[in-house]
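Try each one before reading its solution.

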Amino acid sequence: MSFVSMIPDEVLASFYLNSIAIVLLVGVIVLYGRAGRRDKTEKRIFSDMALLIILLSVSYVFETAVSEQIVPLHYKIIIAEEVLHDIVLNGFCIAWILYANYRMYKGFGYVKRKKWLYLAPFFILLVLNMANMFFPVFRYYGDDMKVHDTALFILQDIIRYGYMVVAAVQLYKHNKEEGSSRFFNMITFVFPAAAGAVLHDLTPYYIQTLSLGMAVGLALLYAEIANEQSFCDRETGFFDRSYVEHMAELISNKKYDVGNVMVFDLEGSENIADFCKILKKQLPVDCEPIRLKKDEILVLSTVNEKAPLFMVAEDVKMSVEEYNEKNSENPMDVKIRYQLKKKKESGYELFDRVLKRLNAR
Amino acid sequence: MSELTIFNYTTLILDLGTIVMLIGLLMVTNVLRQRGRADDKLFFYMVIIAMVIAGSDIVGYLADGKSFFGAPFVQQAGMQVFYLTFTLEAMVWTYYADVRFKGWHMNYSILRKVIFYIPGFILLTTIFINSFNGCIFYVSEENVYYRGPLFIPMYVVIVFYFIWGFATMTRYRNAGTGRSLIPLWIYFMPIILGVVVTFILGSTSLAPVGIAVSIMFTHLGSMNEITDTEYEEGEV
């Protein structure tokens, strides 16, 4: 306790804020790194972005400690640290541009062709940052023993944040055209990062919210990526066809005990989303619905008796009839088929048999 | 606002950041909730409770030591809600772990479940009657917060439920496919760090942000699980 009481409150506050950012980012790096179905290049760029924010967080704590003169250093080392801080932030902007372009074009060809537009300004900034070690380009050490910004510093900020926003907007537009904007909502990344940047400027110097905002934004970005690459069907929220193999593994390892399988076939009907809403209300908790085809839903259940299965089917049929009465111009036509587990048949054998009949395996 | 200390600012920023992150998490998990599964609904409630924890924390911490009219009442109310929701979160987390990872293997009797949650319900009742006897915490006439005799036992019960939830998650996930899974410390560390630092230092509240980070990691880990197949396409 006595050691903590020796540390100025400003440094402790900076430490708390930035350590939360670091914990969040370390967790995201580990979780992303351990995920199986991820593009390795995308993983690498994403991890680099997270590492740069970690470096930024550490530099903020260091800066606060220096400002409070806990760590007496020569002014040139202080300036060097500030320059490094700027380089790290600029590096993050480059990583973000590369990431956005890689996601859009699955490669770096576009960025290479437009390198003068995208990358050249940042290399110019890098040269100016290095020059700042010797001349007051963006920052200088004042007579009050504190670091101050020059007028040119605003230009650096404009370039940084301008490019980040442009890349985010490009990515958003691209995702919307591709039809995946539902999963890739830019607000989940841009808003926390932008809020962090704004608060960073408005609050006292020891309240450093930029790294925290970027860390929260990156964590939510990863959650969006995980959504996008999960087995989730975008239209209905059910698992999609690629979940079949994962389900087969769960069943073979006895993590799920299949008692019966029901197949709901809409026979070319376009209102699958409405039907899935009906299904969600009627299905018991232990059921696993999987959208096999555009108009076909497979439902697994642990119950191995006819009576509960028929009750569910009757409830679904009644709900479909009510729906058709209200939507007579676009009615649903649902066929319900089922398969119960035979004697001495395992859940896996039942599942495999059904999938082969449906040509899904 | 002129009465706000450095740590008031820090707590305010952290709790607001927590609420923003949790709102983002609700948006991201919206499509998954459409499945209507019980664990998704429980996850939703966990996020909402975590937001209430952060909100009540802001109220309680900012009112501490202040002199505006009604400040002691505001602090008392804020911290009451904080500890009630904190306990509730621990209990819901344990139940979520049961439903999510044991799911259809949950063969416990209702009696067994009730007995397991009795300490939690007793704690909730104790926190409620704390308003009258200050057994867990009390606020002096000068509007300063003090810990009561049952403060440590309260944290023991809360931490017990969190540990039980994490143990459930590890035991049933490891018993499945046999793959090397996401390490426990990813979920455990933020919340335990947040609780321990708040408990020891008390100057800044890190418990709400610790809970939020753990919830975020739980969601990301779950998403990893359901996409954990070998990536067969080559690199660009």
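**Exercise 1.** What percentage of the 236 residues of chain B count as buried?

*Solution.* Keep in mind that this is a predicted model. Start with the cut-off: buried means under 20% relative accessible area. With that rule, 56% of the residues of chain B count as buried.

**Exercise 2.** How many helices and strands does chain B have, and in what order do the elements run?

*Solution.* Count first: there are 8 helices and 2 strands in chain B. Then walk along from the N terminus, and the order reads α-α-α-α-α-β-β-α-α-α. As for contacts in chain B with a separation of 6 or more, 73% of them join residues 24 or more positions apart.

**Exercise 3.** Find N143(B): where does it lie, and is it buried or exposed?

*Solution.* Look at the loop between β1 (137–139) and β2 (145–147) of chain B; N143(B) lies there. Its relative accessible area is 1%. The cut-off for buried is under 20%, so N143(B) is buried. Check the backbone too: phi of N143(B) is near 60 degrees, a positive value in a residue other than glycine.

**Exercise 4.** With which side chain does the side chain of S59(A) make a polar contact?

*Solution.* Go to helix α3 (residues 40–67) of chain A, where S59(A) lies. S59(A) has 9% relative accessibility, so it counts as buried. Setting aside neighbours within four places in sequence, S59(A) is in contact with E81(A) and H85(A). The polar contact is with the side chain of H85(A), at 2.9 Å.

Methods
Residues numbered from 1 in each chain as written. Chains lettered and ligands numbered in written order. Predicted model: local features only at pLDDT ≥ 70, side-chain atom pairs only at ≥ 80, totals over all residues. Heavy atoms only, no water. Helix = DSSP H or I, 4+ residues; strand = E, 2+ residues; numbered from the N terminus. Buried < 20%, exposed > 50% of the residue type's maximum accessible area, 1.4 Å probe, protein only. Polar contact = N/O pair within 3.5 Å; in protein donor to acceptor, adjacent residues only side chain to side chain. Contact = heavy atoms within 4.5 Å.
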